[in-house]
Each structure stands twice: as C-alpha cells, then as structure tokens.
Amino acid sequence: MAKILVVEDDPLMSRMYQKIFKFEGYEVDMAGDGEEGLEKAKTGKPTLILLDIMMPKMNGLQVLQKLKVDSATKGLPVVVLTNLAGQSDAEKALSMGAVKYIIKSEHEPKEVADMVKQIISGYTRDEIPGAS
Amino acid sequence: METAPKPRPSFFRSSSDLIVLLVGLALTFFAWRATNQLVDTSKHSHFLSDVDVLELQADSKIGGYLNALTGLKGLYSASTEVERDEFSEYIHGLDVTENYPGLYGFAYVSRVADSETQEFLDNLELGLKEAGVSEKVSRQLAEGPEHYIVNFRALHRQGPAVGFGYDLLLDETRAKALLQARDSGQAVASGPILLQGPEKPGFIITIPIYLNGQPTSSIEERREALSGFVNAAFLYDELFADVYPPEVIGSQSVHLFDENELIYDSSTEDEHDEGLPIQEVRDVEIAGRTWKLHVNLPTLTYGDIEGSLPVLVLLAGTILSFLSFGLTYSLSSSRARAEALAEEMTKVVRSERDRVELIVSSMGEAVLAVDQTSSLSLINTNAQKLLEIEDPRAVIGRNWSELVTTLKGEKKVPLKERSFSEALAKGVTIVTTLEEGHYYQTKSGRVFPIASITAPLVFQGKVVGAVKIFRDATHEKEEKSIIENKVKERTRQLSEEQAKMIASINSVPRGFIILDTEGKIILTNSVLWAILGIKGQILNLVTLDKTLSGVFNFSANYKKCFSEGRPIKASDLEYGTKFLEIYLAPIYVSGPSKVSIGVVVTVEDITERKVIERSRDEFFSIASHELRTPLTAIMGNSSMILDHYKDQLPEGDLKEMIDDIHSGSLRLIDIVNDFLETSRLEMGRIEFKKVSFDVTKTIEQAISELDVTSSRKKLYLRFDKPKTKTPNVIGDEERARQILVNLLGNAMKFTQQGGISVSIATEAKFVKVIVTDTGVGIAPSQQSLLFRKFQQAGESLYSRDTTKGTGLGLYISKLLVERMGGQIKLESSKVNGGSSFSFSLPAA
C-alpha cells in the first residue's frame, strides 16, 4: 500500500491531509517539523512526501535539499504543499527536485489527493490504492 | 567799457606780451586737445590715428618755427632800419640750436630796385666790414626791374658764410616762394633747394614785409608796399629727425614727399620698407605748401608713446609760446620801435586771437589759464557759462580760487590740493576723472560734477602758469548713475532671487546639487551633507563618486543626463544603512533656446519610506499566508464533510450551512489572494516572463476553463477567432491568462442574458484582445474609476456589491498589462447595452 509522509507543522493542515489520504485509502505517516520529516523519510519508507515549506527547526526547502543528496531518499517523489504563493518559491522548489508545487488554498483536499494519485501512478503503478 | 588806451610802454609790457603768451598758449592747448582726441580715437582705429599724430606733429612743430619768423617780421615791420646787431640779438635770443633743430638760419632780404643795386651792394659790403664780418658779397644779379637781395644773415652754426648780396630771384625755387609770399602776404614755404653753406637739401619759409602805413589789401598794393622778406632756412634731415623722433615713429616708417621729390625717409639704409603691408598717405600743409606724408606700418600696433603725445605737444607748444613772448619782451628795449612792434604784434595777435578764441570757444570744454600766482589769465566762454561769470574782464587777474569752490563728495577741497595749485607747485599734469567725484560749486551755489585736465606751463625749466580744461560732467554722471542704479537694482533682484532659491532649496528635505555645464558644483544645500553624512570636504564630482563608490556614479550620470538632455532617476540605492533615491535633470532657461545650462540633482533619503514599504509588504505576505492556512482548513474540511459524510447529512438546513461555510471560505480565499496579489504587484515583487506566445491559445484555454460557469448561467461564451494567423505576443502567458479570466469573469458577473464574445484586433505593434458582453453596462460617471484600486462600478461604499469581489480585479489586470508593456481600457459601454473591454500586448 502506498504510504504518504505528510511533513506539516500546522495541526489543522496536518490533520486535514491525514484525513483525505486515509479516505482515499493511503497509509499516512506524519511529521511535525523539518527534522522529524527528514528522519521519517529515511526510516519510514514512504511512497511520496508532502512537504510544507514554512516550518520550525528545518524548513521545507532545507529538507528537500537533504533528501535529494541522500542516495536512500533522493528517488522519493516530493510534492511541495504550501500557502506561499510566490512564483519564485515554486520555481526554486521544482529546481531542487520537487515533483509538484501545490498551493493549499487553491485546491480542495480531494484535488490534492487526485494530483498525488496521478504522480504515484507515474512511479509505481502497483501501489496505487483502491484501484477503483 | 572804455576804448583801448593809446599804446604806452607800460601797456606794452603788461598786456602785449601777455597776449602773445596767451595766444601761444591757446594754440598750444588747441593742439594738445586735438592730439588728445587723436589718441582717444586711436584706441578705436590705431593705425589711422598713428598717422594723424604724425601729421599733427609736423603741423605743430613747424607752426612753432613760424612763430619765430613772425617775431622777425615784427622786428622789421617796426622799422626798416634794423641794425645788424639787433638782428643778431634776436636770432641769438631764440637759442636756435636748443629750440629749433633743423633751422639752419635766418635771413633778411631787401627789395632793391635794379637802378639802386650797385649802391645797395656797396653799402652792404661796407656794413659787413664795419661789423667785422669778412664774407664776400655776391654781385650776381638776375634779369629784372628789381632784386631781392640777402641783406642780413644769421647762421646758427659754423660754416661758410655765403649768400650776402645774393639775388634770390636767381634761383627758380626760391624766387617762386618769394613771389608767392609777396603776392599773398602770407608765409610761404619753398620747394626743395640745396642750402648754401652746408650744401645739404632743405627749404626756406619766407614772410613778406611791407612798408609801414601802406595799404596791402590787393596784390597790386602788396607788390607796391613790399619792403623785403624774412627767411628761415631749414635742413630736411635735421628738421624731421626732430619732428619725428624714433619714439614717435615707432615701428612705422615715414616718408615725406614735396611734389614727387622724396625729402625725408625715416628708415635707415639697411631697412627695406617698401614691402610693409599697410600704407597711409596724408597731406601736411606747411606755410602754403603741401607735403605728402607716407606712413608704412608692419602691423597694426598701439604703442604707449602715443599716450604721452598730448603732453609732448603741450610742452613743445608751451616752450614755443614763451619763446615768442621772450622775443617780444627783449625787443621792447628800444622804446620807439617797441611801440610800433607792439602795434604790429597786436594786430597779428588779434587776428590770431580771434581765430583761436573762436576755436577755443567752440570747443565743448571750458578752458582756463592762470599764471604762477594763480591769477586767472584766460577764460573761454564755456568756462564763463559754467562758472556763471558775466564779465570775463572782472575776473581776469583775480585769484582762481575766488571763482569757484572745489568739492570732493561733500567736502571742500583745500586750496593746496586743488589741481591748479598742484600743477603749479609740482609742475605735473593732473587728470581728474569723473570717478574721482570732484564737483565745482559756483557763487550761486550750483554744484556740478567735473572732469578736467590741468597742465603746468613750463618755461626754461620753471613753472610759469597752468592751464585747465574742464567740462560739466552732470550728464555723464547722471547716465553713469542711472546705469549704476540699474546694475544695483538688477544685482539686488538677482541676489533676492538667489536668496529665495537657496532658502527654498534648504527647506526641502532633499539633498540638492546644481552643476554647471562643465560639471562643476555651483550650489549644494545642507541637507545633502547631512544625507551623505559628510562634512568639511571639498565637494566635486570626483569626491562625490568616491563617497558613493559602488552605489552611484555621479560623473557618468551627469554626463549622460547633460548630453542626452533627459532626466535620470536611480532609486533604492543602498548607502550604508540608508536607502537613497537620486534624480538628475537638465536645467533649461525658459525661452526658445534648447541648450541646457547645467544639471540639477536631488538626493533623497528614502530609508524611512523603504522601511514602511517593506514592513507593509511583509505584513501583507505574512498576513496572507497566515490567513490562508486556516481558511484552507475551513474550505478543505467543509468540502470533505460534504464529500465523505454525505450519507449522514440530512438534506436541508445542516447541509446548506456546511455549503455556506465552504463557499464563504472560498470567497475569503479569493479576497486574500487579491490583496496579496495587489501588494506584490505594487511592490514590484512579481517577476514577469518575457516569452513569445500565441494569444489565441490562451483565449481558447481560458474559455474552456470558464465554459462550465457560463453554461450554468445560460450565457454564450465564444471566441471569434480571426481567419488569418494572429501574430505572437511578448509577455508572461500565465499573467495574460489571468487578465483574460478576470475580464471574462467580470463580464459573466454582470451579464444576465445573451453572452460574451472574445475577438482579436491586430494593430501596428500590438495585438489587442477584446471582451464584449451584453451585460448591464457602466454609467459614464463610473467609467473613469474602473481601473482604480478597490473601485467597483457601484454608487458608493454602502452600495458595494460584496458578492462581486473586492474591486481589485481590474486594478490588478491594469498593473499586469502595464508591466508587460500593454494597455487595458474600456472600449465602449452603454447602460443596459453591454460593455467592451480590451487589453493589448506588444507583438513579438
């Protein structure tokens, strides 16, 4: 079963995305800050990481950078999910290896789940949950 | 006034000699003034007046020689029986060597009838022997009824004494001069002759002498009355060496011609001056004869010597006048002759004086002369007028200081310091210019400014009097003061303007620099120094560049601004902890001239502004971010309830409430997004791509996105795609789509029936996208506010249609279009007749 790691410090967001991915049939792991996110990315073997940018301890871009230099994690698809709407932030994230840059407020949770589903299907067709 | 008393010795001694002196002096001043004027004129026309001076030089010098000759004439007019020793005495008294260079000698020529010739010559021979003169008497005679025989002769230097008894009619040139003098009664100069004795070229001036009491008004009467001649012989080279000394000639070369014969050449043998580029020819009239004066100049120059010429002329004339005076005086030793001589001299002098007085009185200047005791001896009519003297005889002989008071400013000038006193005491010429502020106060109390020249009269090294020429300078003074006042007024206005300007410049909270056309700093204000945090250093472009090194290059920007003639603005310059904005603009003088006279620079400290901007910017960003997160939670959770707990939700109020929560959050997110977008656009924080793209694709994409919405409202939404290929545009495709979506969204919001069409118009350098609806339209009064911030086409704040957005849509679209170099506008609109908006983008 595909496993989504949600790295998100804000509990409102964290819980919301946890719910939608559960509804959609994914296994969900949670991390409350950048450091924890990086740790869980290494140990938890997620299929895909949803990464917020503004976070304590280590911000999303720093986490992304570290993920991409570690051979164990650099193949993991990372979707940046944030409310920072700057075009430059998005471009930076993509250039650092993120698969997609999603602005939270512009998309319903279902839409986010649909996008993630599409991305995962490009990576590991087998693990797409609930082939409904 | 009583008639002139009979001549008495005392009269002669006291008046006649004085008259001679005065006339001489008057003539001299006339010459002086003329020379002075010439020197003035020469400042305008150097060369011509150089020549004028040379011409005048000949005139005045030889004029002086004539004076001496006139004295001799007087001697003979008084009595035909002039003794040889008297003649010698006279010549001796002239001190010829000293005062009359070039004068070789004098001769008295007697008219002798042919029949009396032998007796005359015998007597002459006897007389010479008695006088101890050993010369032989020439007995050569011309053919004719009478002979003009040299009777007395006085040579001023050693040399063979020849010519006694010589009949001057033998020589054609001499004869011509003598006959002309006899017939005209005037002094006549001869053509070139070889002078006997020195055997050198020269000429004679001859004056006819008529018998006393005989009428001489016609040629016949003069021929009848002729008693003889007085001749003066001159050597050309010595004479002209005196008339034209090297300091007068300077770099010029002077040639004199009598008819076609060269009689003088100033150039030395090794000089070749024929090639000199500039030549001026003048006529010099000498005792009825005309010499041609040729002056050649290598270049046009104005030498110092001319400045002193007037003085030279004055002195020369003065000396000559006193010679005549001394002569007259010495001749008066014989009383009987003296009286006759006095009459003769008086006659000559009177006519001379009349002439001179005419000249002197016609002069614009006032003329005064005093003797060594400061007693007035001459006053012309102008002087009388100015000094308010009704009868000149009442003041002649009175002390000059009684006539008029001299003031300098308000103060009376002490007698000792007055120019006459100084001229007499020191023997120097005193020039009082207008600038010295001298005034004369007359008896009536009238005060007027004067300009004057006072010159001493020197005779044999002693000051014997002084002459003053002055004029009323009221007019000049007034003109001058008018000009001065004008200048003062202008200066005052100018300094007031400057003060105003400086005050204005100092009161604005910006640093100010004004640079001239050379890039030199001509004005700065204190704010500049404060902003730049500098003090006490020399400020120029170089030091400014150093101060602002790496921040702003003043020199380069000054050059650019000045040469291109347009303003330059540099903002957000980080200078230490400050932010600066520097603005340069060329300065033009109002009027048609389009030449810049410098550059004005303002330096503004925008740190505070930047801090506010930045904090506002950060506030907006953070606020937007922080607002959006909880809103996303509301939106996301409410939509998940609606999606995943549909079964547990009874149809009705609860579902509706959750629906409203969801759409409320959506609307709020839109508003927050608009605010954030506006803020970022205004800050210039949004980067625009500059790529070429096909706008028709953008339109098609936007229409497909909004198709659902339009069909829900039962409105048509179509694209009237042109048949021909639309040129690509340059810009940010995503931003173009955003603009289009905004326009389409607005159109749909305000249209209830009909629909929306999109069309394209290709213009010269732009591609225009037009969105036309069949909606409510916009009233003209609202149209101007359309693209303003927070403006809706509504009536007022209270009538805002809050369901229709923030009013930032068109404002954002406008900022976006303009950032891409295009334009957005309302093409047309009619209330209830639909609207047509357009935006253009530059064609690729």
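User: What makes up chain A in terms of helices and strands?

Analyst: In this predicted model, chain A has five helices and five strands. Along the sequence they follow the pattern β-α-β-α-β-α-β-α-β-α. Of the 132 residues in chain A, 38% are buried.

User: Why is D52(A) called buried?

Analyst: A residue is buried if 20 or more other C-beta atoms lie within 10 Å of its own. D52(A) has 27 C-beta neighbours inside 10 Å, and therefore counts as buried. D52(A) lies in the loop between strand 3 (48–51) and helix 3 (60–69) of chain A. The UniProt annotation "modified residue: 4-aspartylphosphate", from an unreviewed entry, covers D52(A).

User: Which residues does D52(A) touch, leaving aside those up to four places away in sequence?

Analyst: Contact requires C-beta atoms within 7 Å. On that basis D52(A) touches V7(A), E8(A), D9(A), G60(A), L81(A) and T82(A).

User: Why do strand 25 and strand 29 of chain B stand at the edges?

Analyst: The open sheet of five strands in chain B has the order 25-27-28-30-29, with mixed pairing. Strand 25 (716–720) and strand 29 (823–830) each have a single partner strand, so one side of each is left without a neighbour in the sheet.

User: How do you know that strand 28 of chain B pairs with strand 30 of chain B?

Analyst: Pairing requires at least two bridges between two strands. Seven bridges join strand 28 (residues 766–773) to strand 30 (residues 834–842) of chain B, and these strands run antiparallel.

Key. Residues numbered from 1 in each chain as written. Chains lettered and ligands numbered in written order. Predicted model: local features only at pLDDT ≥ 70, side-chain atom pairs only at ≥ 80, totals over all residues. Helix = DSSP H or I, 4+ residues; strand = E, 2+ residues; numbered from the N terminus. Buried ≥ 20, exposed ≤ 12 C-beta atoms within 10 Å, placed from the backbone. UniProt positions renumbered as here; feature names shortened; annotations may be inferred. Contact = placed C-beta atoms within 7 Å.
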